[in-house]
Amino acid sequence: MRLLRSAVYANGFCRRARFMSSNCTRTVMSFGDGSHGALGLPTSLTGIGGDAYEPTVVPGLPSDISTVSAGHYHSLAVTCSGALWAWGRNNEAQLGRGLLAPRDTWNEPKRVEGLDKVNVCGAFASGVISSAIGDDGSLWVWGKSKRGQLGLGKGITEATVPSRVEPLAGEKIVKASFGWGHALAQTKDGKLFAWGYSADGRIGKVGEAALERSPLESNIYVYESNQEISSLTIDAAEKLVLERMEKEKDMPIIWEPCLVEDLHGVEAVDIACGLDHSLVLCRNGNLLSCGSNAYGQLGRVNQDMGMYPVDVNFHPASVASGLGHSLAICQVSSSNVTGDSTSLVSWGWNQSCQLGRAGPENIPSMVNGLEGESLVSVSGGRAHSMALTSKGELWIWGCGKNGRLGLGSSIDEPEPMLLDCLEGCEILQAVSGFDHNLVLVAE
């Protein structure tokens, strides 16, 4: 029962935990960067904008939280009764409490306004918007996005209260994922819809939109531009960047959800958006990637823009993505284990050891130190990763800055480390924002 329960939460699909006891009390814990209030901790514990170096209980939440979700800089929690709570950054009204909420209240969990008639069963977020899925399969969004990430129609860049994504009416949405301006939504019957900023082919082929490269691809300050700009005067360098930003304004935006054509009728079973790339796991076992490949996050030799298979030699069961790295739990046949065991495969950006392994970054390869573990979920942040096992153990690695590994220090960890301070807790779910983490535990 425990494995099933953890798997349902961890994959992020909109399913109620109907087999959990109604008397079970659940607690949300957080750790990492507190500068945007995403930890939900009072200043009496951390100071203003303070960090938490170990998992700390988030006060003020109901005791019946069923699932949690982390945006880039804010947090969401759904209750068993269908209410949604939010805390963290609110510059774009992504907390669902309007734009006038005082900055010093962002860290206080409060119920999202405007969803009173929606029985929320799932929530997902980016850096600038939040979303909720109703038990009827409806998708609701709020926040600000100049790149069309709201999906509410041409030119609509702001929604300060939850608004239904009408083009998806009639579809039963079970999961959504958001990157830097783009979005994916998966239906119960396996259809895949996409919208938002479509540069680099990050949402695949939709409608008549042409595939174009972004002038502000995520590697602009990391690769060729470092050499290019370093040889220029400051004024010339600023002019170059401004020119590229101006050009970006003309990049293609898909303002409403459209059916992704690349799947050719094959059902999608899992999705994940990185900052500017996407992963789609199909029913037939194929794992597809699209978007920017600046850090090797597409995991394939084929460099063509569009949705193409990842070069993975395992059988993916679920996927996740950090800012510029990709993660997949895979089934691995083993002569030492009855039935199939799991392994974790990673590829992409590895500046802070978030891949959990050495070797070529652009080639999907197994993470070290998790052999023999039965994994039920994985999550990626800006530069760290974590995995939850069927035994309820949480492993974490990568960048330790601001305490985002929860190990009591700022030290980077190149391989998975057991978060042993949670030993004895029944961990139901663990998710990462860019620089913070949420853990849902049962008492």
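**Before you start**

Residues are numbered from 1 along each chain as its sequence is written. Because the model is predicted, local features need pLDDT of at least 70 and side-chain atom pairs count only at pLDDT 80 or more, while totals for chains, interfaces and linings use all residues; side-chain values use heavy atoms, with hydrogens and water left out.

**Stop 1: strand β28**

Select residues 436-442, which make up β28. Strands here are DSSP runs of E, at least two residues long, numbered from the N terminus. 7 of the 7 residues of β28 are buried, so the strand is largely enclosed by the rest of the structure. Buried means under 20% relative accessible area, exposed means over 50%, and partly exposed is in between (1.4 Å probe, protein chains only).

Show the side chains next. In a regular strand the side chains alternate between the two faces of the sheet. In β28, H436, L438, L440 and A442 point one way, N437, V439 and V441 point the other way, and all are buried.

Now bring in the partners of β28; two strands pair if DSSP finds at least two bridges between them. Select residues 26-32, strand β1, which runs antiparallel to β28 and is joined to it by 7 bridges. Across this pairing, M29 sits opposite V439. A hairpin links β27 to β28 through 3 residues.

**Stop 2**

**Stop 3: an open sheet**

Move to the sheet with strand order β3-β4-β5-β6, which is open and antiparallel. β3 (65-70) and β6 (110-111) stand at its edges with a single partner strand each, so one side of each has no neighbour in the sheet. Select β3 together with β4 (residues 74-79) to see an antiparallel pairing over 5 bridges. T67 faces V78 of β4 there.

**Stop 4: cysteines**

How many disulfides does a search of the whole structure find? It finds 0, counting a disulfide as a pair of cysteine sulfur atoms within 2.5 Å. For C290, the nearest cysteine sulfur belongs to C273, 8.1 Å away. C290 is buried at 0% relative accessibility. The sulfur of C421 lies 8.0 Å from that of C425, its closest cysteine sulfur, which is too far for a bond. C421 is partly exposed at 39%.

**Stop 5: two positive phi values**

Most residues other than glycine have a negative phi. Select H264, in the loop between β14 (253-259) and β15 (268-273). Its phi is near 50°, and H264 is exposed, with a relative accessible area of 72%. Finish at C353, in the loop between β21 (340-348) and β22 (365-366). The phi of C353 is near 70°, and C353 is partly exposed at 27% relative accessibility.

Conventions. Helices (H or I, at least four residues) and strands (E, at least two) are DSSP runs, numbered from the N terminus.
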